[in-house]
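Open your viewer and get ready to click along. We will go from stop to stop, and at each one you will hear what to select and what is there.

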There are 2 protein chains.
Amino acid sequence: MTTPDLVRPAPARPTSGSAHGRPVVPARGARLPLDLTRVTLTEGFWADRQRTNAEQTFAHCEQWMERLGWLANFDRVADGTTGPDRPGWCFSDSEVYKLMEGLAWEVARTGDDAAEAALDRLTRRVAAAQDEDGYLNTCFGHAGQAPRYSDLEMGHELYCVGHLLQAAVARVRTAGPDDLLVDVARRAADHVCATFGPDGNPGICGHPEIEVGLVELGRALGEERYVQQAALFLDRRGHGTLADIPLGRAYFQDDVPIREADVWRGHAVRALYLSAAAVDVAVDQHDGELLDAVTRQWDRTVARRTYLTGGMGSRHQDEGFGEDWELPPDRAYCETCAGIASAMVSWRLYLATGELRYVDLMERTYFNVVATSPRSDGRAFFYANPLHQRTAGGAPDEDEVSPRAEGGVRAAWFDVSCCPTNVARTLASWSAYVAATHGRTLELLQHASGRVEAVLPDGTGDRLVVDVRTRYPEDGVVVVEVAEAPSTPVTLALRVPSWTTTARLTDRGVTREVSAGLATVTRVLVPGEQVRLELDVSPRLTWPDPRIDAVRGCVAVERGPLVLCAQSTDAAGIDLAGVVLDATVEPVSDGDGARVRVRAAASHEQPWAYGPGATDASPGTQGHETDLVLVPYHRWAEQGPAQMRVWLPAR
Amino acid sequence: MTTPDLVRPAPARPTSGSAHGRPVVPARGARLPLDLTRVTLTEGFWADRQRTNAEQTFAHCEQWMERLGWLANFDRVADGTTGPDRPGWCFSDSEVYKLMEGLAWEVARTGDDAAEAALDRLTRRVAAAQDEDGYLNTCFGHAGQAPRYSDLEMGHELYCVGHLLQAAVARVRTAGPDDLLVDVARRAADHVCATFGPDGNPGICGHPEIEVGLVELGRALGEERYVQQAALFLDRRGHGTLADIPLGRAYFQDDVPIREADVWRGHAVRALYLSAAAVDVAVDQHDGELLDAVTRQWDRTVARRTYLTGGMGSRHQDEGFGEDWELPPDRAYCETCAGIASAMVSWRLYLATGELRYVDLMERTYFNVVATSPRSDGRAFFYANPLHQRTAGGAPDEDEVSPRAEGGVRAAWFDVSCCPTNVARTLASWSAYVAATHGRTLELLQHASGRVEAVLPDGTGDRLVVDVRTRYPEDGVVVVEVAEAPSTPVTLALRVPSWTTTARLTDRGVTREVSAGLATVTRVLVPGEQVRLELDVSPRLTWPDPRIDAVRGCVAVERGPLVLCAQSTDAAGIDLAGVVLDATVEPVSDGDGARVRVRAAASHEQPWAYGPGATDASPGTQGHETDLVLVPYHRWAEQGPAQMRVWLPAR
């Protein structure tokens, strides 16, 4: 079944300037994104993180990549001294590009001189390494290195170019096309099209990413060829185009064509970057079949292969999805980058359809995966985000590269360090996902204090500007004050998240109950007027589908969009392995966390873990009653290594 | 705390011939093993498997290794034509040696001419590849190959030699020392001692195995140097002797010295082969501290890191142990070889201490891991042995090498094919683990029909010969008839397994209740007399420790030593994902399986798997009541790919 809206002719873009400051600008769709420079967060959860990102994380990433020689790799190509001793994995170039993308958004967001200088510095070094014909990679194709495209399965050459193109998109959409980074990207994209075009090398990259980069740069520069090349890569995939590997071709989604697949499988980030590009191509090419395929995969994956946090990826072995219902909390991989990639797909599907379930998943993922990764100082990161940590990890050495992605402790840098720069670019551009428009409607999607300035896309050029004040997610009150509005009716729509139990909207002194979806006010708005949304963020018990075997008999506590957890540093003297929550007692609010009633039993020794005694049939009858404090999951291990669990056995 | 018995001087071996037909012959210990040629299984569970092994598996393994060039690798070294294009992993030589070990035991067990011819054939090809100085490996050290010992972490050179030595032990203990295989092994062992001795290369092998081979060949040939070299390898390990790898040094137990470790961790087969050797060295060198260390690791691992089946290894990522209580049934690795290796450790600990808990674990592991691997025709094998299979695997291509070890379908051969030959050598020598002696006592440990001939090790030379008749494990009646006995009192001891609920022993018309441990008869036995043991093998419910999060709220059904499972091929029309067992209804016997009462609910769709409804708090209220047939786990997927689960949600 195809989606009718997308195969019908769509209206052209209202204004030529509408792409400014937008990471994703589809040719058509149900919703229009806003310019991130027109969404100014002033305080609160995400503003704090944007500030830390700006003040700490960018420099942190650049310093580590300088120290490890990942930046010098470009210099060595430029001066002809590179060779087989090149440091870093073959995909380390992409970290530089993700940092550059983040810096480009940051320059637009704040006009920060240091960010501009850093971007300029990096761009020059990258540009100097580009070959005459546009090829750009520091790991292949030069003296002493493997030939270009000699390892499409694992070489990541096109993957790296994809991130370069995304960085250039940020630049062209904020500084304009006359820019060195944009030139470099254009030449790289031309080289890719020349090499891998319809009559060229029939290969694809083992790690999707070139596709999403090509589509967006094509959109940004009006180069339809790039979009077509992305479509070609998509169609080539899934036919055993790449060589088989021990993990199987599902690892890089080369097992089944994307149009035929029913669910995401294999390496999570690969699957999600690929699907983001597929939505882009589907929308721009009126390809309803392709859009339906991604929608179908999103539906089944979200229903059966997604963690409560929004995290995706159940297996460490291949950083990949498991089977349906395979969602172990302890061995959850939930890679930070997979959370970012999931939001990339959902945002595109929201823009295409206007359906809020995509925004619901984005919110869940932002608060519980993306925000969990960086430490509050912005200088250490989780790579994997498990929902259960039985043993507190060791204290990290802030001066060492972490060799692996095991959960438990945030590391300053990783051997495979995809997550820090991915967090950096996401936080720098996060404002782009706060609101959207259609017709004479402004939809406020993510609740955060700040100003949102929209030009209504109905052709009138009318501006609707609002100031949002909220302590969300700690508090559920969101006050929207009109700063500027036309003298004709408009619709102000506030998202009521799907987790909402009760919510009320107050407009002109009248309060009414509203339910999950959009709470709307349609009328002539007058500057100074306020609309007030109250969401109940008191802690609530959340139960899993009984088919998720790994958390049978357990309950989690959520509070607004936040998943809560117990951690040993907040549970002195209580063994988290012996806790049983009393589900007959309502959890109560405690700061931005909660307090629950538990029975806590001490650990005991027994020689064999199985026996005739139905010890598990009557849980929670052992031990003493006590209160247990739960904190937002995103904050776990902030005070150092800790045991942690999201799912608590319940009676 | 040291084990006093082992630091006291022990009696010398009673007769010089006492090593014949025994895989393991410690210098001292609480129990003495029997000659496997004096334990003749006539019918039943293990006799059937030994017959299939002899008639099918040996030839199957040889044919596959011929076809893949693993055997020709030896010829190519011999004729100087090997090089970098050598087929197979670097450890493929070891598969040849494990097959040879199995054939050597088989020749002794049955005198089969075909087995003798095969062993002779293989021995000649192997011998021809040995270098002048005793070095023997087809992957390293020859023209076009990496230099000898240039990759101790992952090169497996010493590992391969270890398996060669174990093959030679089988030969020297059955055919005597004047044998080509024994000569080859002696030269290889001498080369290892010369190269890695106290003043030589200070390295160790990334995969333990050389140690257990050296000790036993040292015992078999009276070469104390070999035992000392094994002890040296043991002591070198655990100090970061090997280079770090992404999985960490725990992968190959080089993180902590074995004397200091509290639990098994890292790659399971590596940990277990290492510990088997450690028991050998500890016993022979009166090293109570070392024995206590292994005992401590066994205790904690068995209590907290072992599956109901006896399987070990919770992670696919590194074929390794997880943390305490990390025992997911679906992603259980439970490698067949780890089951074999676990039994190797337990057998040595039993011989050292006489404690039956080791034999209990061996029985559990033999019936539920080792017996599960081979298909009933002996020509396909499980590598991993999960306890839950949500999706039936695809039908295997019997003519293809399986590229991976995922569970679900038995494969004819694997890319890494350690398990088939390991099963083959274990089944060929299985009779060695049926009984043991001490003083004037014969202990019957594993119940199987056949004749057991023992020479009592009290110096008298008295013989005690019994015939066992039983349909165990389908039936719990074990009848032991005396065939030959001295005219002075002896003790006949029958093991009553730890899983036993009720058991009765009948001797001379008197029946008495006996409990887990040994049921003994001490008197003058007269040929023709019978002792009868009756074990209750009716199905029983078994509950997990509540700390095993992955199976909370579930119950398993066991029957005698057998773990049972539900599989889709025996549950037509019932979705195993929606089954809840009614634990108030006793399971009833059904052949060698059971029938249980369940509620079976059909699967349903929902967009998000988490919500406020406590669906899991009242399991088993949905769906219809029906009976579900459970079959022995070792037989699952015999009729083809199937869904399967050992642990059933219960109410």
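This is a predicted model: local features need pLDDT of at least 70, side-chain atom pairs count only at pLDDT 80 or more; totals for chains, interfaces and linings use all residues.

**Stop 1**

Two copies of a chain are related by a rotation about an axis and a shift along it.

**Stop 1: where the chains meet**

Select the residues of each chain that touch the other. The size of an interface is often given as the accessible area lost when the parts come together. For chain A and chain B, about 5,100 Å² is buried between them, with 46% of it on carbon and sulfur atoms.

Now look for pairs that reach across. There are 26 residue pairs in polar contact between chain A and chain B, both residues being at pLDDT 80 or more.

**Stop 2: charged partners**

Side chains of opposite charge can pair when their charged atoms come close. How many salt bridges are found across the interface of chain A and chain B? The answer is eight. To see a salt bridge between the chains, select Arg304(B) and Glu605(A), whose closest N and O atoms are 2.8 Å apart.

Over all chains, the structure holds 141 salt bridges. Another pair to select is Glu398(A) with Arg375(A), where the closest N and O atoms are 2.6 Å apart. Glu398(A) sits in the loop between strand S3 (388-389) and strand S4 (401-402) of chain A, and Arg375(A) in the loop between H13 and S3, so this pair ties together parts that are 23 residues apart in sequence.

**Stop 3: two domains of chain A**

Next, select domain 1 (435-535) and domain 2 (540-606 + 615-649) of chain A. Their C-alpha centres lie 36 Å apart. The contact takes five residues from domain 1 and seven residues from domain 2. Together the two domains bury about 510 Å², 66% of it on carbon and sulfur atoms. Which residues of domain 1 lose the most area to domain 2? They are Pro473(A), Glu474(A) and Trp499(A), together 88% of what that side buries.

Between these domains there are zero salt bridges, and one residue pair is in polar contact. The domain 1 side of the contact divides into three nonpolar residues, one polar and one charged.

**Stop 4: backbone details**

Zoom in on Pro473(A), in the loop between strand S9 (463-470) and strand S10 (477-484) of chain A. A cis peptide bond joins Tyr472(A) to Pro473(A), with omega about 10°. In chain B, the peptide bond from Tyr472(B) to Pro473(B) is cis too, with omega near 10°.

Finish at Arg508(A), in the loop between strand S12 (503-507) and strand S13 (510-514) of chain A. Although Arg508(A) is not a glycine, its phi is positive, about 50°.

Terms used
Residues are numbered from 1 along each chain as its sequence is written. Chains are lettered from A and ligands numbered from 1 in the order in which they are written. Side-chain values use heavy atoms; hydrogens and water are left out. Domain bounds come from an automatic or database domain assignment. Contact means heavy atoms within 4.5 Å. Buried area is the accessible area (1.4 Å probe) that two parts lose on being put together, summed over both. A salt bridge is a side-chain nitrogen of Lys or Arg within 4 Å of a carboxyl oxygen of Asp or Glu. A polar contact is a pair of N or O atoms within 3.5 Å; within protein, one must be able to donate a hydrogen and the other to accept it, and residues adjacent in sequence count only if both atoms are side-chain atoms. Ala, Val, Leu, Ile, Met, Phe, Trp, Tyr, Cys and Pro count as nonpolar, Asp, Glu, Lys and Arg as charged, and the others, Gly among them, as polar. Helices (H or I, at least four residues) and strands (E, at least two) are DSSP runs, numbered from the N terminus.
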